[in-house]
Amino acid sequence: MRLARPALKWKEEHENYVREWGPARLVPSSFDLAGHETYEEYLKALAIREGGTDRWLPSTNYFLIDDNERIVAMVDIRHDLNEFLRNVGGHIGYSTRPSERKKGYATLILAEALKKCKELGIDRVLVTCDEDNIGSAKVVIRNGGIEDESFADTDGTVKRRFWIDNKS
Ligand SMILES: CC(C)(COP(=O)(O)OP(=O)(O)OC[C@H]1O[C@@H](n2cnc3c(N)ncnc32)[C@H](O)[C@@H]1OP(=O)(O)O)[C@@H](O)C(=O)NCCC(=O)NCCS
C-alpha cells in the first residue's frame, strides 16, 4: 500500500472510484470530477485549490493505492483551519471506495495522513465526522482522537469533533 498524489496516470482509476461512489456528493469534495471537462482540467483546478485561494486554504491530496494499483481510499489534508474547518471540516477528510470498506483502509489512510501532517508541522490535528457516522468515529478514535465539543450546523447536522495529538 502506498500514497500517491493525483496525476494523469490515475485518471481511469479515479473515474472508476467516482462511478462506484454513485450520485451522492463525493467525499472529500476535492476529488469531485464534476464540472471539469477533462481530467487535465481537474488536475489544474486541484493544483490551484491546493495552493490556496480566497475560498480554499492550502491543502494536499493523496490516493491510497493497493498492490493491484487500485485506488482504495482518498484523503484531503488541509494545512490550517478557518472557522468552517474548525467547526465542520477539520484538517483531514477521507473516504474509502465503497467495495473496499471495512478492511482497515480508512484507519490506514488517516494514520498516513497524520505522518504528512507531522511533516507540515501540524501538531494538533482536528478530525470531524457526522454524529451518525459510527465507522468514521472509530477510525478517528483508533488514531488517537480525543473528543471535543460537537458542533450543530445550521442545517441540523451535528459534527463530532476530535483532536489528535500529533507531537509525539
Ligand atoms: C467512514 C469510512 C471512511 C470508513 O472506512 P473504512 O475503510 O470502512 O474504515 P475501516 O475499515 O478503517 O474501519 C474502522 C472500524 O470502523 C468500522 N466501521 C466501518 N464502517 C462502519 C459502519 N458503516 N458502521 C459501523 N462500523 C463501521 C469497521 O468495522 C472497523 O471496526 P472493527 O475493526 O471493529 O470492525 C467509509 O465508510 C466511507 O468512506 N464513508 C463515506 C465517507 C465518509 O463518511 N468519510 C468520513 C468523513 S469524516
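## Exposure classes and a loop residue

A residue is called buried under 20% relative accessible area, exposed over 50%, and partly exposed in between. In this predicted model, Glu-69 has a relative accessibility of 35% and therefore counts as partly exposed. Glu-69 belongs to the loop between E2 and strand E3 (71-78). The backbone of Glu-69 has phi near 60°, a positive value in a residue other than glycine.

Lys-102 also has a positive phi, of about 60°, although it is not a glycine. Lys-102 is located in the loop between strand E4 (92-96) and H4. With a relative accessible area of 89%, Lys-102 is exposed.

## The loop between H1 and H2

The loop between H1 and helix H2 (39-51) contains Gly-22. Gly-22 has a relative accessible area of 32%, so this residue is partly exposed. The C-alpha atom of Gly-22 is separated by 30 Å from that of Asp-54, and the two residues are 32 residues apart along the chain.

Pro-28 is likewise part of the loop between H1 and H2. The peptide bond that leads from Val-27 to Pro-28 is cis, and its omega is near -10°.

## Aromatic pairs

A pair of aromatic rings is described by the distance of the centres and the angle of the planes. Across the whole structure, a search finds four aromatic pairs. In the pair of Trp-10 and Phe-63, the ring centres are 6.4 Å apart and the planes stand at 65°, so the arrangement is edge-to-face. Trp-10 is in the loop between strand E1 (2-4) and helix H1 (11-21), whereas Phe-63 is in strand E2 (residues 59-65), so this pair ties together parts that are 53 residues apart in sequence. Both Trp-10 and Phe-63 are buried. The pair of Tyr-17 and Trp-21 has ring centres 6.4 Å apart and planes at 15°, so these rings are stacked.

Tyr-17 and Trp-21 both belong to helix H1, where they are four residues apart, about one turn of the helix. Tyr-17 has a relative accessibility of 0% and therefore counts as buried. Trp-21, at 18% relative accessibility, also counts as buried, because the class covers values under 20%. Ring pairs also join Trp-10, Phe-31 and Phe-63 into a cluster.

## Packing of H4 against H5

Helix H4 (residues 105-119) packs with helix H5 (residues 134-142) at an angle of about 45°, and the two axes are 9 Å apart. That angle makes H4 oblique to H5, because angles under 35 degrees count as roughly parallel and those from 65 to 115 as roughly perpendicular. The crossing in which H4 passes H5 is right-handed.

On the H4 side, the residues Ala-106, Thr-107 and Leu-110 meet Val-139, Val-140 and Arg-142 of H5. The residues of this contact of H4 with H5 comprise four nonpolar, one polar and one charged.

Gly-121 and Asn-166 are 45 residues apart in sequence, and their C-alpha atoms are 9.0 Å apart in space. Ile-122 and Lys-167 are likewise 45 residues apart along the chain, with their C-alpha atoms separated by 8.3 Å. When neighbours within four places in sequence are left aside, Ile-122 is in contact with Arg-78, His-79, His-91, Cys-117 and Asn-166.

Notes:
Residues are numbered from 1 along each chain as its sequence is written. This is a predicted model: local features need pLDDT of at least 70, side-chain atom pairs count only at pLDDT 80 or more; totals for chains, interfaces and linings use all residues. Side-chain values use heavy atoms; hydrogens and water are left out. Axes are lines fitted to C-alpha atoms, for helices over the stretch in contact, and angles run from 0 to 180 degrees between N-to-C directions. Helices (H or I, at least four residues) and strands (E, at least two) are DSSP runs, numbered from the N terminus. Angles under 35 degrees count as roughly parallel, over 145 as roughly antiparallel, 65 to 115 as roughly perpendicular and the rest as oblique. A crossing is left-handed if the near helix is turned anticlockwise from the far one by less than a right angle, and right-handed if clockwise. Contact means heavy atoms within 4.5 Å. Ala, Val, Leu, Ile, Met, Phe, Trp, Tyr, Cys and Pro count as nonpolar, Asp, Glu, Lys and Arg as charged, and the others, Gly among them, as polar. Rings of Phe, Tyr and Trp (its six-membered ring) pair if their centres lie within 6.5 Å; planes under 30 degrees apart count as stacked, over 60 as edge-to-face and the rest as tilted. Buried means under 20% relative accessible area, exposed over 50%, partly exposed in between (1.4 Å probe, protein chains only).
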